Amino acid sequence: MNDRRMFVLAHPESRRRAMACVADAPDGFVVTVQEPRRNNDQNALLWVLLTAFSEQLEWPVNGAMVKLAPEEWKDLLSAAYKRESQRVAMGIDGGMVMLGLRTSKMGKREFAEFVEFIRATAAHRGVVFERDEVPA
């Protein structure tokens with residue numbers, strides 16, 4: 001048996017093969033069943049959306065209206081998506097740091113919901129996307 005096997009549970013045969021693999025696995029092996037992670041198209045779309053926010057909006061930071069980098073918009077929008085309920089810690093040298101929020105831990109379905117949240121926020125804030133750069 002290989003050290004790692006992955007099965008997409010898409011039909012009865014794939015489920016049968018997965019169960020057989022589990023039955024034959026040596027003691028100590030680990031089985032994880034999880035929702036699939038986001039795909040490359042979803043990831044690319046996220047950065048198109050974040051770049052549009054970055055280019056079109058300013059946001060208050062330390063009392064001044066400034067342009068944020070796409071990565072900073074990701075932090076801001078993902079916190080808003082989670083209803084800004086993350087824990088906030090004091091930074092090592094001052095400032096504040098949001099703890100525990102990672103879009104990489106979102107499954108494919110939750111990530112799709114996050115993208116729809118970003119689209120709705122964009123519409124509310126007047127962020128527009130070029131028609132040919134963002135799939136529907």
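Glu13 and Arg16 are both part of helix H1, 3 residues apart, about one turn of the helix. Helices (H or I, at least four residues) and strands (E, at least two) are DSSP runs, numbered from the N terminus. The model is predicted: local features need pLDDT of at least 70 and side-chain atom pairs count only at pLDDT 80 or more, while totals for chains, interfaces and linings use all residues. Residues are numbered from 1 along each chain as its sequence is written, and side-chain values use heavy atoms, with hydrogens and water left out.

**Exercise 1.** Identify the residues with the most contacts inside the largest nonpolar core, then trace the contacts of Trp73 and Leu57.

*Solution.* 
- Step 1. A nonpolar core is a set of buried Ala, Val, Leu, Ile, Met, Phe, Trp, Tyr and Cys residues joined through side-chain atoms within 4.5 Å.
- Step 2. The largest such core holds 18 residues, and Phe53, Trp73, Leu77, Phe114 and Ile118 have the most contacts inside it.
- Step 3. Helix H2 (40–56), helix H3 (70–81) and helix H4 (108–125) are the elements that give two or more residues to this core. H2 supplies the largest share, 6 residues.
- Step 4. Neighbours within four places aside, Trp73 contacts Leu50, Phe53, Ser54, Leu57, Trp59 and Leu68.
- Step 5. Leu57 is in the loop between H2 and strand E1 (58–61), and at 14% relative accessibility Leu57 counts as buried.
- Step 6. With the same exclusion, within four places in sequence, Leu57 contacts Val66, Lys67, Trp73, Arg125 and Val127.
- Step 7. For a distance along the chain, take Leu57 and Pro36: 21 residues apart, their C-alpha atoms are separated by 33 Å.

**Exercise 2.** State how many salt bridges the structure holds, and work through the pairs of Glu13, Glu35 and Lys82.

*Solution.* 
- Step 1. The count is 5 salt bridges (a side-chain nitrogen of Lys or Arg within 4 Å of a carboxyl oxygen of Asp or Glu).
- Step 2. Glu13 pairs with Arg16, with the closest N and O atoms 2.6 Å apart. Glu13 is partly exposed at 31%, and Arg16 is partly exposed at 44%.
- Step 3. Glu35 and Arg109 form a salt bridge at 3.7 Å, N to O. Glu35 is in the loop between H1 and H2 and Arg109 in helix H4, so this pair ties together parts 74 residues apart in sequence.
- Step 4. Lys82 and Glu110 form a salt bridge at 2.6 Å, N to O. Lys82 is in the loop between H3 and strand E3 (87–90) and Glu110 in helix H4, so the parts tied together are 28 residues apart in sequence.
- Step 5. Salt bridges with shared partners join Glu13, Arg16 and Arg17 into one network.

Note on methods: Buried means under 20% relative accessible area, exposed over 50%, partly exposed in between (1.4 Å probe, protein chains only). Contact means heavy atoms within 4.5 Å.
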